[in-house]
Structure formats: structure tokens, C-alpha cells
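Thanks for coming. I will take a few minutes on one structure, starting with a pair of strands and ending at the ligand. Please have a look at it first.

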Amino acid sequence: MTSATSPAVPAPPTANSALLPSVPLLALDRQYAVLRDEIRVAIERVCDSGRFVLGPDVSELERELAAALDVPHAISCASGSDALLLALMALGVGSGDEVVLPSYTFFATASAVTRLGAVPIFADIDPTTYLIDPADVRRKVSRRCKAIVPVHLFGRTADMDALLPIAEAAGVPIVEDAAQSILSTWHGRCSGRLGDIGCFSFYPTKNLGGAGDGGFLTTTRDDLAATLRLLRVHGMEPRYYHDLVGINSRLDSIQAAVLRVKLPHLDRWTTERQENAARYAALFASYDLAEHITVPTDETRGRHVWNQYVIRVADGQRDALRKHLASCNVGTEIYYPVPLHLQKCFTNLGWSQGDLPATERAAEETLALPIFPELTEAEQRTVVGRIAEFFSATTKPPKAAATALPALAAPHFLRRMVGRADEVRS
Ligand SMILES: Cc1ncc(COP(=O)(O)O)c(C=O)c1O
């Protein structure tokens, strides 16, 4: 297994460094090329078995995920969006209830709330981490609040030291939206076992992505696990008997089989993402870019798994920089251009521009750069070199460039898990 160490600090770029003709935002084909044969065998095994929904591969995947995250229950479902919906259903969230969550997140975090007739109460973010601001959460938790949903955005765990006491004092559960943060930790514990329920996504862009849609939930509570297992199959137990109204949200066996091939590699891929983040930090530091670009910070209280590497671009230059990068075939993305409180479909909720200043600023200024595990150093040099080119930034002397982020080692239960998985595979 790869240990989580910082990569060598790259040599400072020179004026005539060769830049590559293109860098993709994501290159799933590189991952597939390595695992192609194993994935095809796994898919064929499912096809031969004739078990296409749930079944043995799904049960085994759930067991392996529970071991990887060191959590008693992992329950698969059809998507990360469904995981959020199921979590709120299991907690009894319904009409008129309030749920506090960030506005700077993917749409599914809030739509799970409104689909149940409940009201999303948006909290602002910390402008440095882009994660929900606990002080604003505290202000917005009312007597009608039924749950708090922090989002571990971009692969970084929200400030659970501050959020857990707020939830406890209010007597409300925490649903962690961990869709982007599988294997991220907080004081050594994986996200998904910090609150009452964790929600994860297997969408292909996630750190553990399937060959289609999928998701899962985690919980340490036996009662919630039993309810979630029922809710994902229409509340049916035994067959054709329904004590609860659930939804149809089962994971396909083919997805589970593909994910089981990938899971043993996840810790190494995560370490590679950490190394790429550290290398970006060193490369950005090697140019005079500080007045234009703010790079993301690492987390000292846990493992940041870098699902996205998101920079902040000053002086209203974000869109022009993105255009320049596109013209150089460097892939980027904006997560997220319109905060949820300003989405048209939520106009009825009564939020206006100016209500969440840090969120609105982030939506205008942030840009995600390529960070996938297979990204090469030459590609990273190209990304940063193209950004420097846009700002006509010069390089700094080598001494000033020598900064690398310390990467945190995986917790001990992951090292055990990966070791076992490697033995099975050899
Ligand atoms: C923060 C967040 N929450 C929820 C989801 C929903 O997951 P899915 O796309 O699997 O439905 C996503 C993924 O796109 C996400 O990034």
C-alpha cells in the first residue's frame, strides 16, 4: 500500500518550460485502462448469474464499505441524491419541518428537503474552507429544525467539532452529505460515522465512481439501519407486505461488481489526490500569483480527500481565466455558479441576493482545476503555467517555492482493510 507522504517539491518552472497541448478535467479512461480486464470479468459474472438487482455483489460491497469506513452499517441505494432523501425519510422529516444546510452545494442536498415538504434553511459558508459556517448554523436552528445537513464539500470534512455540540444542544440529528468525501476523516474517524447518517455517491466523478449512478448510506445506529434498508425497497418486508411507504432505490448488481473491483484501490487513489494537491500548492507558490489566486488549504484535523481542487480568483477575473484555460485545452469547472438559495425553483422560499455573502462570493470567484489521481506532474505544470501566463506572473526564486503540504496518513483501519484486499487480489 502507498503511504501518505508528501511528493517531492517540484523544481521551479523556467520561462521556457514546455507546456502540454491539453489537460483534461477528469480522465476516467486512464483508470479504466488499468482495471479493464477485472471490470469486464466482474460484469460478466453478474450477467452469468442472472441477479441484476441487489444480490450477493451488493451485500459483499456493503460489507466491504462498512469495513473500509469502520462503520457498523453501510446500506447501498440507487444514488447519492436518494441517499439524502432516504436519510431524511428515516429521520421522519416531513411537511413544515426545517432542515439547516449550506446553499453552496450540489442541488440534491436541498431537493431532498423540499421533496418531503420540508423547508431548507440555508446557512452561509466559511470563506476559507467553503464549508458550512457553524456560527450561522447556530443562529438558524429553530424549534422547527428537524435535522442539520453539513456537506463535506470538495473532499473536506465540515467542522464537526463545532457542529456536533450545536446539534446536541438543539436535540436534532446530523445527516452528513459525504457525497464528495469518501475516506475523508475527522480526528481519525471517517466521514459518514460522525453524525447520525452519512450519505455517499458513486457518481462517476466521485473518488469512488461507478459505471453509472449509485450511492450508499452509513450509520452507527441499528434502528436507523433497519429503517433505511426497508425504505430503499418500498418499505416492503416480507415480500408484498408494506408497513412503511418507501421508495425504489436499489443498487444494481453490475454497479456493485464494478465498485468492488475499484474499492481496494481507493486509499491509494486518495493518497495520489493528496500528493497532487501538495504539488499544486508548491507550483502556485513558485509564481508571483498570490494577489490573483487563493489556493485551498489542507485540513489539519483530518484527512482531506480532494475530490476537487478549487482556487479562488480575485478581481472578477474568474470567467476570463476560465476562458483562457479553455482556449489552451485545460479543463476546469465551476462548482457552483448559482447558489441554491438563488435558484429559480426556490424563489418561493423568499431568499434574495445578499442574504449569504460568503456563498455568493464563492459562486462568483471559484474555479475547480484537474486533480484526479492519474494527473501527471507535467499536466499540473501546464495548468499552473497557463494560469501564470494569463496573469503575466513571473516565477519566484527557488527558495520561496519550497512549500509542500503535509499529507496525512490513512487511519489504521484503512491500512488493515487495504492489506486484506490486496491479499485477496494476489
Ligand atoms: C454534495 C453532493 N450531494 C449530493 C450529490 C448527489 O449524488 P448523486 O449524483 O449520486 O445523486 C452529489 C453528487 O453529485 C454531491 O456532490
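Let's begin with strand S2, residues 98–102, which pairs with S4 in the parallel sense over 3 bridges. Within that pair, Glu-98 sits opposite Cys-145 of S4. Keep in mind that this is a predicted model.

What is the strand order in this sheet? It is an open sheet of 3 strands, ordered S3-S2-S4, with parallel pairing. Strand S3 (119–123) and strand S4 (145–148) are at the edges; each has a single partner strand, so one side of each has no neighbour in the sheet. On average, neighbouring strands here are turned by 30° against each other, ignoring direction. Helix H4 lies across S2 and S3, and runs at about 170° to S2.

Now the other sheet I want to show. Here 3 strands form an open sheet in the order S10-S11-S12, and the pairing is antiparallel. The edges are strand S10 (293–294) and strand S12 (366–369), each with a single partner strand, so again one side of each is left without a neighbour in the sheet. Strand S11, residues 309–313, pairs with S12 in the antiparallel sense over 4 bridges. One of the bridge partners to look at is Leu-369 in S12, which goes with Tyr-309.

Last, the ligand. Which residues are closest to the ligand? Of the 15 residues that surround it, the closest are Ser-79, Gly-80, Ser-81, Ala-179 and Ser-201. Helix H3 (80–90) and helix H4 (108–115) are the elements that give two or more residues to this shell. By class, the shell has 8 polar, 5 nonpolar and 2 charged residues.

Note on methods. Residues numbered from 1 in each chain as written. Predicted model: local features only at pLDDT ≥ 70, side-chain atom pairs only at ≥ 80, totals over all residues. Near = placed C-beta within 6 Å. Nonpolar A, V, L, I, M, F, W, Y, C, P; charged D, E, K, R; others polar. Pairing = 2+ DSSP bridges. Axes fitted to C-alpha atoms, helices over the stretch in contact; angles between N-to-C directions. Contact = placed C-beta atoms within 7 Å.
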